[in-house]
Amino acid sequence: MKSPVRNNLKTSTFLLNCVVNGLGMEREVMSSRSLLEFIREDLGLKGTKEGCGEGECGACLVLVDGKAVNACLMMAVQLQGRELVTIEGIKGKDGGLHPLQKTFMAEGAVQCGFCTPGFIIASEALLRRKPGATLEDIKLELTGNLCRCTGYEKVLSAVKKVASGR
Amino acid sequence: MPSFIVRPENLKELWKLLPSLPAKRKYLAGGTDLVNISNAGLDDSACWLDISALDELRGIRETKNSVIIGAAAKISEIENSPTARRWLPALVASIPHFASPSLRNMATLGGNAANASPCADGVCALVSERASVWLELRGKKRKMPLAGLFLGPKKTALKNDELITAFEMPKWKHKASYQKLGPRSYFGISKAAAAVSAGFKSGAVEKASIALASVGPVPVCAVKTQAFLAGKRLTEKVIAEASEIVKTEVSPITDTRSEADYRREMCGVLVLRALHRLKASQKIR
């Protein structure tokens with residue numbers, strides 16, 4: 001799926017075609033918008049957080065075509081023709097909470113919660129690729145996510161539980 | 001942030017668009033450096049040209065004698081490429097040390113090179129792979145050894161509007177090790193790093209190719225160490241001597257990340273570790 005961006009050099013906008021959490025949309029967007037600004041300000045989806053704004057903390061992770069990316073360093077224009085999933089689009093099969101979300105809650109892997117959407121997205125990206133991920137796989141996958149509350153142990157054990165199907 | 005971004009469909013359209021754009025312009029690839037630089041107020045571009053989706057700059061392919069990686073191929077695509085895994089062991093070994101998994105889904109080798117940071121892991125590994133770089137300006141192509149692209153920290157030999165389109169690496173049978181010393185095991189910027197590649201013949205090093213990051217104004221090619229290793233078996237004595245020679249080839253500075261003397265000493269340690277790895281991997285065969 002690839003369609004040309006219609007650049008409008010006079011108004012500095014472009015017409016963005018993309019899929020957001022399963023819904024196709026066409027929208028005029030300022031071309032200077034970051035993907036994070038587009039998600040939070042234009043779409044009003046506030047689950048994706050801005051932490052450092054430098055790609056260091058992972059609080060802004062979203063899935064683009066199934067891969068985790070830092071929304072703070074991607075431009076909205078680069079979403080053209082692609083599929084975005086934010087934390088709002090992460091759901092269980094029954095439409096309720098996703099197994100990762102349930103397990104994070106059960107394990108106490110959430111304290112202030114600011115980093116949690118990013119951790120869920122990174123973990124989901126890993127488990128889609130590698131459903132039976134090992135603890136080492138999980139640690140490596142989460143190197144780009146910072147948490148200042150939990151000390152990581154409970155996050156790791158929560159993801160491991162989901163990977164082990166428990 | 002520039003006031004607008006244009007997104008050409010292909011290179012032909014890109015070259016056609018240029019005259020209509022403001023003079024202050026830059027190419028946008030993965031954005032992991034450029035967007036950061038811009039957010040810090042250090043980019044005064046009026047316009048960016050987004051080249052990240054150009055098919056001509058994507059993909060990893062083989063010819064009879066070389067492997068060609070598109071400048072806008074994502075680092076994570078390279079990590080998973082069977083071609084890269086077969087022919088480019090230094091590059092593949094460097095990838096886990098390249099930023100974080102999500103940044104690897106965005107970042108590109110073209111951006112890593114254009115940014116011209118002496119600490120770039122991808123560039124260091126590519127130099128060890130004896131890479132050449134393909135450049136294009138208004139349809140005119142040229143190729144140069146990658147090491148020649150770098151003139152200093154953040155300075156390249158790229159002309160105005162010249163675009164990095166691909167990297168070409170010779171196919172040669174070699175083993176490699178990437179050793180990095182950062183503030184932590186992963187996702188840190190190097191205090192020093194070494195990419196060591198070596199081809200072997202009858203148990204001896206036939207050809208070695210060693211590049212180091214963060215220990216000079218540009219990626220350092222350890223030519224004396226390479227020459228010393230050629231034709232020698234990796235005995236403990238040879239490894240120890242090589243790790244002394246490499247220290248004479250680097251010119252590290254003291255900055256926020258580390259100190260010059262420590263960095264120089266660590267270059268010896270990293271090359272020592274890498275050569276031990278190569279020696280051990282030889283025994284397996």
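Author: Domain bounds here come from an automatic or database domain assignment. The model itself is predicted.

Reader: How many Å separate the centres of domain 1 and domain 3 of chain B?
Author: The assignment for chain B gives domain 1 as 4-50, domain 2 as 55-170 and domain 3 as 175-284. Taken over C-alpha atoms, the centres of domain 1 and domain 3 of chain B are separated by 37 Å.

Reader: Which strands stand at the edges of the open sheet in chain B?
Author: The sheet has four strands in the order β11-β12-β13-β14 (chain B), paired antiparallel. An edge strand has a single partner, so one of its sides is left without a neighbour in the sheet. In chain B these strands are β11 (175-181) and β14 (220-221).

Reader: Which residue of β14(B) does Leu212(B) stand opposite?
Author: β13 (residues 204-213) of chain B pairs with β14(B) in the antiparallel sense, over two bridges. The residue of β14(B) opposite Leu212(B) is Val220(B).

Reader: Which helix of chain B packs on that sheet?
Author: The helix touches β11, β12 (192-201), β13 and β14 of chain B. Its direction makes about 155 degrees with that of β13(B). It is α8 (residues 121-128) of chain B.

Reader: How many nonpolar residues are on the side of chain B that touches chain A?
Author: In the contact between the chains, 24 residues of chain B meet 28 residues of chain A. The elements of chain B giving two or more residues to its side are β1 (4-6), α2 (34-39) and α6 (101-104). That side of chain B divides into three charged, nine polar and 12 nonpolar residues.

Key. Residues numbered from 1 in each chain as written. Chains lettered and ligands numbered in written order. Predicted model: local features only at pLDDT ≥ 70, side-chain atom pairs only at ≥ 80, totals over all residues. Contact = placed C-beta atoms within 7 Å. Nonpolar A, V, L, I, M, F, W, Y, C, P; charged D, E, K, R; others polar. Pairing = 2+ DSSP bridges. Axes fitted to C-alpha atoms, helices over the stretch in contact; angles between N-to-C directions.
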